[in-house]
Amino acid sequence: MADFERSEYVDSLATHCLRYGLHRLFLSSRDYEIIQSWWNLRIPRGVVLTGIDSAYLARLRHGRLRRVPPRNLDFAVRHVERAWEAYKELRAGARRAGGRRRKADFGRVSGHMQRLRDLLEQLDAATATAESRGHQKLAARLLAVAGYLRRARPDASVFEAEEWLGKAAAGLDRALPASLEPDVVEEARARARRDLAEYSSHDAFTTYVEKMALATLREEYPLPILSLL
């Protein structure tokens, strides 16, 4: 792969981690070593992102850890490895089936059915909250995500679902600030500016403020993390 593809690979992972608050602004040297190892193994970017999401979800289920940002990407290594093994098994199954791509249903991989049920419950709760607060645009997006998951075929590909959910998450990130009262959004931005004051001279300061403010709004609303893995 060309150098620019490697750069895109690293940048996308860095952006994904910033979304959750890992090293608010920069990846550590250890993080880059880990990403390089994934690159060397030719693990697809989507599989790595799936593993990172899975690691964050596992962390959120532990009350003691959920408020403590991980120090580096070591916390996600095992989850990425599991996602990579699952992905390779799917590919191998497709070859054994004579080249036809084998789909993985949600119940065939441990935990997917429970995660699907949990995510639907979270989406329903978030939709009810949005509707009660008069945030109809956000409620409509949440309903669309839940509808997609409920319509998913039993043989639907988990990895295709993850790709779709990633796009849906980006749509929610855009809809959330637009749905809230301006003073609520501005308070989140003000808090981010205070927390990031030492970086105020950085070229991307405004971008970092927006990312941190969005993370605050997502947590306070709250919205579920859209992932099945």
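Setting aside neighbours within four places in sequence, Thr127 contacts Ala139, Leu142 and Leu143. Contact here means heavy atoms within 4.5 Å. Thr127 sits in helix α5, residues 112-132. Thr127 is buried, at 5% relative accessible area. Buried means under 20% relative accessible area, exposed over 50%, and partly exposed in between, with a 1.4 Å probe and protein chains only.

This is a predicted model: local features need pLDDT of at least 70, side-chain atom pairs count only at pLDDT 80 or more, and totals for chains, interfaces and linings use all residues. Residues are numbered from 1 along each chain as its sequence is written, and side-chain values use heavy atoms, with hydrogens and water left out.

**Overall make-up**

The protein chain has nine helices and zero strands. Helices (H or I, at least four residues) and strands (E, at least two) are DSSP runs, numbered from the N terminus. The order from the N terminus is α-α-α-α-α-α-α-α-α. Of the 229 residues in the protein chain, 45% are buried. Take the contacts between residues at least 6 apart in sequence: 72% of them join residues at least 24 apart.

**Nonpolar cores**

A nonpolar core is a set of buried Ala, Val, Leu, Ile, Met, Phe, Trp, Tyr and Cys residues joined through side-chain atoms within 4.5 Å. The largest holds 27 residues. Leu123, Leu138, Leu142, Leu149, Leu176, Leu223 and Leu226 touch the most other members. At least two residues of this core come from each of α5, α6 (136-151), α7 (158-179), α8 and α9. A second, separate core has 25 residues, including Ile35, Ile52, Leu73 and Val77.

Not counting residues up to four places away in sequence, Leu226 touches Asp53, Leu119, Leu123, Val145, Leu165, Ala168, Ala169 and Leu172.

**Buried positions in helices**

Ser179 belongs to helix α7. Beyond its neighbours within four places in sequence, Ser179 contacts His135, Lys137 and Leu138. Gly171 is also placed in helix α7.

| Residue | Relative accessible area |
|---|---|
| Thr127 | 5%, buried |
| Ser179 | 11%, buried |
| Gly171 | 2%, buried |

**The α8/α9 packing**

Helix α8 (residues 182-195) packs on helix α9 (residues 205-220) at about 125°, with the axes 8 Å apart. That makes α8 oblique to α9. Angles under 35 degrees count as roughly parallel, over 145 as roughly antiparallel, 65 to 115 as roughly perpendicular, and the rest as oblique. Axes are lines fitted to C-alpha atoms, for helices over the stretch in contact, and angles run from 0 to 180 degrees between N-to-C directions.

On the α8 side, the contact uses Val184, Val185, Ala188, Arg189, Arg191, Ala192, Arg193 and Asp195. On the α9 side, it uses Phe205, Val209, Glu210, Met212, Ala213, Thr216, Leu217 and Glu220. By class, this contact of α8 with α9 has nine nonpolar, one polar and six charged residues.

**A backbone exception**

Most residues other than glycine have a negative phi. Arg42 has a positive phi of about 60°, although it is not a glycine. Arg42 lies in the loop between α2 (29-40) and α3 (45-60). Arg42 is partly exposed, at 42% relative accessibility.

Technical notes
Nonpolar A, V, L, I, M, F, W, Y, C, P; charged D, E, K, R; others polar.
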